[in-house]
Amino acid sequence: MKERLLGIFTSLGQLEEAIPLIQRKGAKVRTVYSPIDCREILEKIGVRKTSPVRFATLLGGLAGLSLGVGFAIYTFLEWKFVTSGKPTPPAVPLVVVGFEMTILFGFLSTLLCMLFLCGLPRLRGSQGYDPRFSKDRFGLLLECDRAQREEIEISLEQAGAEEVRVLRTRETSQ
Amino acid sequence: MKDWQASTPKSYSEVQEVILGALSPPGRSYWGAVILCLFGLLYGASCWAYQILTGMGVAGINHPVNWGIYLVNFVFWVGIAHSGTLISAILYLLRARWRTSIARAAEAMTVFAVMIAGLFPFIHLGRVWIFYWIIPYPNQRDLWPNFQSPLVFDFLAISTYLTVSSMFWYMGMLPDLAALRDQSTGLKRRIYGIFSLGWQGTHIQWRHYGTAYLLFAAFATPLVISVHSVVSWDFALSIVPGWHSTIFAPYFVAGAIHSGLAMVLTLLIPMRGLLGLQPLINVGTLESIAKTMVLTGLIVGYSYGVEYFMAWYSGNMFEWDTFIWRAFGHYAPQFWVMVVCNVAGPLLFLIKAIRTNLIWLFAVGIIVNIGMWYERFVIIVGSMSHEYVPHAWGVYSPSWVELSIMLGSFSMFLFLFLLFCKFVPPVSVFEMKEHLWTHGKV
């Protein structure tokens, strides 16, 4: 039987110290809440720092480039607008169109992918979230066996947790 | 004006209280300023309506000057839009610490300035209801877009810039909107809740957000350079003397950043005082802007000099005559205002006592704004009124309708900026907190 605990910390340093402590006791970190972007936390909980958003950026950029250049070439071929003996389609103007479309599509695909991976927009709040996490508190939501709960609670308090809450899971509420 | 010597916030909660405290209910003077700007905006809008109903004859543009102050304002506002992205994206990539407290306001300035700039081609079109003819798409009228035209480049560049800069601004605010949601109640909480998209600051969210924000900055950086380059090609790809020049792209980009930084000073100095943000936007930050303006002012001055050198060295009599006429002809006063304000004005910042004095900073900001507006005027009107054939020369004066619409554009800009100051955090809360963390203050 699993239990979920939420430890609330006043500083990032305390949170960083608490993570290896509770991991050694067999608890699993589910979520870390933070008012700031702190990459060191990701390392501590074994999550890669880099995000797959990059691949969406690359694909979006390439799609934009192809679309911009392709559309310009298509229109040149469809309606041959010959100026000053330049070849149709002329190469130089395609650079500008391709560049702008690369930026636009690359940006939008990054944005959409980021929102998707972040689970945004999110209509309902999650069980462990506390409004203080957007101000000056850090939250550590973890999962452990029911038998270990007390031991983990004590570890969290020893690491400097200001408050430790036991969250109701689906199993415990039944 | 004596700078308020307040202590810098020492904790996350202090940072949040100072910034979100700026959003406290405003007084009568704020609403008075909002209403005044709204009147100016409505007056400008009604003059545009008058022009649509009466026809383009009410504007002062006529042969040979067919591009009047509508396009002067277009280029001016695109220029103003530049420093926002410079401060938020380029300085972010360069890890310039002083940008943190001013990036949000500069980005807001960018978004509002691009919106206003985008209006001027429509105002200049006259028959604005068929504006979609300039959108590049295949259609049954065979009005296929000419992708060799800088006007199509311009449409693509400006619309991309508006999309990217507004989304970059909005995404940068997500964590702060969540903070606002969490400390609000009632209807405010619901509204900020919708705009924060349910942000919770989980490690998963920060992981993807951090990478995406870096990529946004990486996209915005070449974009900001390209946009004003494309605007400059509206001129440089023609054969009008004074316009047909390869220096135009870097010259316009440097000028745009110069004017944008001046506008940042013009807006931030009153804003920090009125909203009590002195602990965050300190004189050191404003001094950094002033130092950057010395650099951009020197680049602009160098460009003015190179333009004259190239006109003389090319041996092209039309080109040289145009430049002589610029300095000593009908628009000589505007030309010299441009040179003095844009080149000599920022050099005052070489003196430390001036670049650390708020009155001087504000005054030079205004001076450079005036100078940069005249620069656009001198380039656009000065060249068109003195082209190749002497019997086609002519001068231009803006009509009251054009001046009223211009007044409306400035009112709209201030109106939007005033609303921004009181409804969204004017300084990035989470970045200021990160600043404390990385410097070991918490």
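A search of the whole structure turns up five cavities of 30 Å³ or more. A word on terms. The search runs on a 1 Å grid over the protein atoms alone, and a cavity is a set of points where a 1.4 Å probe fits but cannot get out. Lining residues have an atom within 4 Å of a point. Grid points are joined across faces, edges and corners, and a volume is the space filled by probe spheres set on the points.

Before the details, the ground rules. This is a predicted model, where local features need pLDDT of at least 70 and side-chain atom pairs count only at pLDDT 80 or more, while totals for chains, interfaces and linings use all residues. Residues are numbered from 1 along each chain as its sequence is written, chains are lettered from A and ligands numbered from 1 in the order in which they are written, and side-chain values use heavy atoms, with hydrogens and water left out.

Now the largest cavity. It holds about 80 Å³ of space. Of its 16 lining residues, the closest to the centre are A:Pro35, A:Ser134, B:Pro175, B:Trp199 and B:Trp206. Which helix gives the most to this lining? Helix 6 of chain B, with four residues. Helix 6 covers residues 150-183, and helix 16 (429-438) of chain B also supplies at least two. Helices here are DSSP runs of H or I, at least four residues long, and strands are runs of E, at least two, numbered from the N terminus. By type, the lining has ten nonpolar residues, four polar and two charged. For that count, Ala, Val, Leu, Ile, Met, Phe, Trp, Tyr, Cys and Pro are nonpolar, Asp, Glu, Lys and Arg are charged, and the others, Gly among them, are polar.

Next, the second largest cavity. About 60 Å³ here. From chain A the lining takes A:Val32, A:Ser34, A:Ile36, A:Asp37, A:Cys38, A:Ile41 and A:Leu42. From chain B it takes B:His203, B:Trp206 and B:Arg207. Helix 8 (203-236) of chain B and helix 2 (39-44) of chain A each supply at least two lining residues. Helix 8 of chain B has the largest share, three residues.

Helix 10 has 31 residues and reaches 44 Å from first C-alpha to last, close to the 45 Å expected at 1.5 Å a residue. The expected span is 1.5 Å times one less than the number of residues. After helix 10 comes B:Gly315, with a positive phi near 75°.

Helix 11 covers residues 317-328 of chain B; its twelve residues should span 16 Å, and its end C-alpha atoms are 16 Å apart, which agrees. At its start, a side-chain oxygen of B:Asn316 reaches to within 3.0 Å of the backbone nitrogen of B:Phe318. Which residues of helix 11 are buried? They are B:Glu319, B:Thr322, B:Phe323, B:Trp325, B:Arg326 and B:Ala327. Buried means under 20% relative accessible area, exposed over 50%, partly exposed in between, with a 1.4 Å probe and protein chains only. The cover over them includes helix 10 (283-313), helix 12 (332-347) and helix 14 (358-384) of chain B.

A:Glu153 sits in helix 5 (residues 149-158). Buried or exposed? A:Glu153 counts as buried, because its relative accessibility is 18%. Leaving aside neighbours within four places in sequence, A:Glu153 is in contact (heavy atoms within 4.5 Å) with A:Leu5, A:Val164 and A:Val166.

A:Thr10 lies in the loop between strand 1 (2-9) and helix 1 (12-24) of chain A. At 34% relative accessible area, A:Thr10 is partly exposed. Not counting residues up to four places away, A:Thr10 touches A:Asp136, A:Arg137, A:Phe138 and A:Glu162.

Last, the backbone. Most residues other than glycine have a negative phi, and most peptide bonds are trans. Here are some exceptions. The bond from A:Leu120 to A:Pro121 is cis, with omega near 0°. The bond from B:His63 to B:Pro64 is cis too, with omega near 5°. B:Arg95 is not a glycine, yet has a positive phi of about 55°. B:Arg95 is exposed, at 61%. B:Leu197 also has a positive phi, near 60°. B:Leu197 counts as buried, at 17% relative accessibility.

Key:
A polar contact is a pair of N or O atoms within 3.5 Å; within protein, one must be able to donate a hydrogen and the other to accept it, and residues adjacent in sequence count only if both atoms are side-chain atoms. On a 1 Å grid over the protein atoms alone, a cavity is a set of points where a 1.4 Å probe fits but cannot get out, and a pocket is an open set with protein on both sides within 12 Å along at least five of seven lines; lining residues have an atom within 4 Å of a point.
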